[in-house]
Amino acid sequence: MVVIETPRSPRSRKSAKFERYGWLYMRFSGVALLVLIFGHLIINLVMNGGITQISFAFVAGKWADPFWKIWDGLMLWLALIHGTNGMRTIVNDYSERPMIRKTLNVALWVVCAALIILGTLVVTTFDPCVDSSVSHTLSVCK
Amino acid sequence: MPTKPAGTLYRGKTGMWSWVLHRITGVAIFFFLLVHTLDTALVRMSPKDYDLVIATYKGAIIGFAELGLVAAILFHALNGIRVILIDFWSKGAKYQRVMFWVVIALALILFAGFAPRHIANVIHDIELGY
């Protein structure tokens, strides 16, 4: 019979607080992501030809409206933090050596931060007319 | 001789397998998210390269892999609601098993609605020469 070991060193108060907020974050961001991602999939992958409609012009059309910029920006932040925190839980469950666990967790958060910064810059500084050979077909660039 | 532990919320049967599936689908979605953030970043740098990368999303291999992605998202999202109900609803733990089957049924119904449409779109684009 498998017996779960008695925890010998309970978490510090600071760490317990972090875990509690992490636990709450997974639930609240999860509900928000359900709405954001289902909406994203319905608009981009189901309606009007689904995947066939996706192109630079499609993205430029969507991001002409701040509503979709905010939608996609929120999705980026919430999903990356949700996913990274989930991966951290898995790393903590399966890694046995503290050095490996620390290294993997640092790598996860570095990647998460880099992609959030990159994605946020892409959404906020988006320029539909960046390539004139393509954008001449877009009315906003004329 | 200790007897085999009965299926509890997180050990054995639906409680455990839903947890296993939640992990596997979560990891899969996470790695897609990394790729998807990078490919979308191309819209800021090179519209032509963005369209080139998106063309692979319309191809046979990735096009069909998207069915797996959507299936994973459907399960993870709906089972996430089940996890929240187990945690916050006073009767959540009692009904976790029936909620698991509701999650599977809803995911299957939504997937059945999505899959034929998506397959038709991918085939349509392959015929166009992607």
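In which hand does α1(A) cross α4(B)? The crossing is left-handed. The views below show a predicted model.

**View 1. Helix α1(A) packs on α4(B).** The two axes lie 11 Å apart, at an angle of about 25°. Angles under 35 degrees count as roughly parallel, so α1(A) and α4(B) are roughly parallel to each other. By class, their contact has five nonpolar, one polar and one charged residues. From α1(A) come Phe38(A), Leu45(A) and Val46(A). They meet Leu110(B), Phe114(B), Arg117(B) and His118(B) of α4(B).

**View 2. Helix α3(A) crosses α1(B).** Here the axes come within 10 Å and cross at roughly 130°. The pair is therefore oblique. This crossing is left-handed. On the α3(A) side, the contact residues include Leu76(A), Leu80(A), Met87(A), Ile90(A) and Tyr94(A). On the α1(B) side, they include Trp19(B), Val27(B), Phe30(B), Phe31(B) and Leu34(B). The class count for this contact is 12 nonpolar, four polar and two charged residues.

**View 3. The largest nonpolar core has 55 residues.** Phe56(A), Trp63(A), Leu80(A), Val43(B) and Tyr50(B) touch the most other members. Helices α1, α2, α3 and α4 of chain A each give two or more residues to this core, as do α1, α2, α3 and α4 of chain B.

**View 4. Surroundings of Phe56(A).** Neighbours within four places in sequence are left aside. In chain A, Phe56(A) is in contact with Phe126(A), Asp127(A), Pro128(A), Val130(A), Val134(A) and Leu138(A). In chain B, Phe56(A) contacts Val43(B), Pro47(B), Tyr50(B) and Asp51(B).

Technical notes:
Residues are numbered from 1 along each chain as its sequence is written. Chains are lettered from A and ligands numbered from 1 in the order in which they are written. This is a predicted model: local features need pLDDT of at least 70, side-chain atom pairs count only at pLDDT 80 or more; totals for chains, interfaces and linings use all residues. Side-chain values use heavy atoms; hydrogens and water are left out. A nonpolar core is a set of buried Ala, Val, Leu, Ile, Met, Phe, Trp, Tyr and Cys residues joined through side-chain atoms within 4.5 Å. Buried means under 20% relative accessible area, exposed over 50%, partly exposed in between (1.4 Å probe, protein chains only). Helices (H or I, at least four residues) and strands (E, at least two) are DSSP runs, numbered from the N terminus. Contact means heavy atoms within 4.5 Å. Axes are lines fitted to C-alpha atoms, for helices over the stretch in contact, and angles run from 0 to 180 degrees between N-to-C directions. Angles under 35 degrees count as roughly parallel, over 145 as roughly antiparallel, 65 to 115 as roughly perpendicular and the rest as oblique. A crossing is left-handed if the near helix is turned anticlockwise from the far one by less than a right angle, and right-handed if clockwise. Ala, Val, Leu, Ile, Met, Phe, Trp, Tyr, Cys and Pro count as nonpolar, Asp, Glu, Lys and Arg as charged, and the others, Gly among them, as polar.
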